[in-house]
Amino acid sequence: MDVLDTKPSIINDENSIQLDSIQTLSFKDVSFSYPNGEEAVLKNIDFSSCETLGSQAFYECTSLTEITIPESMTNMSASSIFFNCKNLVTLNYDAINCNVNDYAFNYNVNIQTINYGPKVEKFVLFNSTNKITFAEGFTSIPETRFNNKTKLKNIVFPSTITTIPNSAF
């Protein structure tokens, strides 16, 4: 079985669609196939310029292993967006100032790696996370944001970091 990396796109051509938001239960129990009919697996999503994700939009998409939340994302305030996506292990988080519901990633106990983009202001973190990476451009880490995360074992700092406050970790 081949793996399909899909990328919602704002490019208007015959092979893509324009997406500003993804609504409730949009991808619940969806199967994907290539044009030749071969089955494909939705493994990685890059939301390009999508701004909003609806409640349970990726409900039980167990084939998802990695997602990228772009700078353009402003609203993930719905609950259970990635409900029980149990194989989701990597989150690339570039959203600058996104409103994220505490339950947006309900029952995702396996997100192990978070890669933060350089402009992130509101951080997400999970008890299962054991590695975080801060992109080049970060100069300081928020105070107390990452403390008491017992599984967090690996932190990658950029060369631009100048301040790590007391109690950051």
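Phe83 counts as buried, at 16% relative accessibility; buried means under 20% relative accessible area, exposed over 50%, and partly exposed in between, with a 1.4 Å probe and protein chains only. Phe83 lies in the loop between S7 and S8. Not counting residues up to four places away in sequence, Phe83 touches Phe58, Tyr59, Glu60, Ala104, Asn106 and Tyr107, where contact means heavy atoms within 4.5 Å. Phe83 and Phe105 are 22 residues apart in sequence, with their C-alpha atoms 5.8 Å apart in space.

This is a predicted model, in which local features need pLDDT of at least 70 and side-chain atom pairs count only at pLDDT 80 or more, while totals for chains, interfaces and linings use all residues. Residues are numbered from 1 along each chain as its sequence is written, and side-chain values use heavy atoms, with hydrogens and water left out.

The protein chain has zero helices and 12 strands. Helices (H or I, at least four residues) and strands (E, at least two) are DSSP runs, numbered from the N terminus. Of the 169 residues in the chain, 38% count as buried. Among contacts with a separation of 6 or more, 43% come from residues 24 or more positions apart.

The loop that holds Phe83 also contains Ser80 and Asn84. Most residues other than glycine have a negative phi. Ser80, however, has a positive phi near 60°, and Asn84 has a positive phi near 55°. Ser80 is buried, with a relative accessible area of 8%, whereas Asn84 counts as partly exposed at 23%.

How many disulfides are there? The count comes to zero, a disulfide being a pair of cysteine sulfur atoms within 2.5 Å. Cys61 is in no disulfide, and the nearest cysteine sulfur, that of Cys85, is 5.3 Å away. Cys61 is buried, with a relative accessible area of 9%. Cys85 is likewise in no disulfide, its nearest cysteine sulfur being that of Cys61. Cys85 is buried too, with a relative accessible area of 0%.

The structure holds one salt bridge, defined as a side-chain nitrogen of Lys or Arg within 4 Å of a carboxyl oxygen of Asp or Glu. The partners are Lys119 and Glu71, whose closest N and O atoms are 3.8 Å apart. Lys119 sits in the loop between strand S10 (113-116) and strand S11 (131-134), and Glu71 in the loop between strand S6 (66-69) and strand S7 (75-76), so the pair ties together parts that are 48 residues apart in sequence. Lys119 is partly exposed at 46% relative accessibility, and Glu71 is partly exposed at 37%.

The largest pocket holds about 380 Å³ of space. A pocket is found on a 1 Å grid over the protein atoms alone, as an open set of points where a 1.4 Å probe fits, with protein on both sides within 12 Å along at least five of seven lines; lining residues have an atom within 4 Å of a point. Grid points are joined across faces, edges and corners, and the volume is the space filled by probe spheres set on the points. The lining comprises 18 residues, of which Asp102, Phe105, Leu125, Phe126 and Asn127 lie nearest the centre of the pocket. By class, the lining has nine nonpolar, five polar and four charged residues. Ala, Val, Leu, Ile, Met, Phe, Trp, Tyr, Cys and Pro count as nonpolar, Asp, Glu, Lys and Arg as charged, and the others, Gly among them, as polar.
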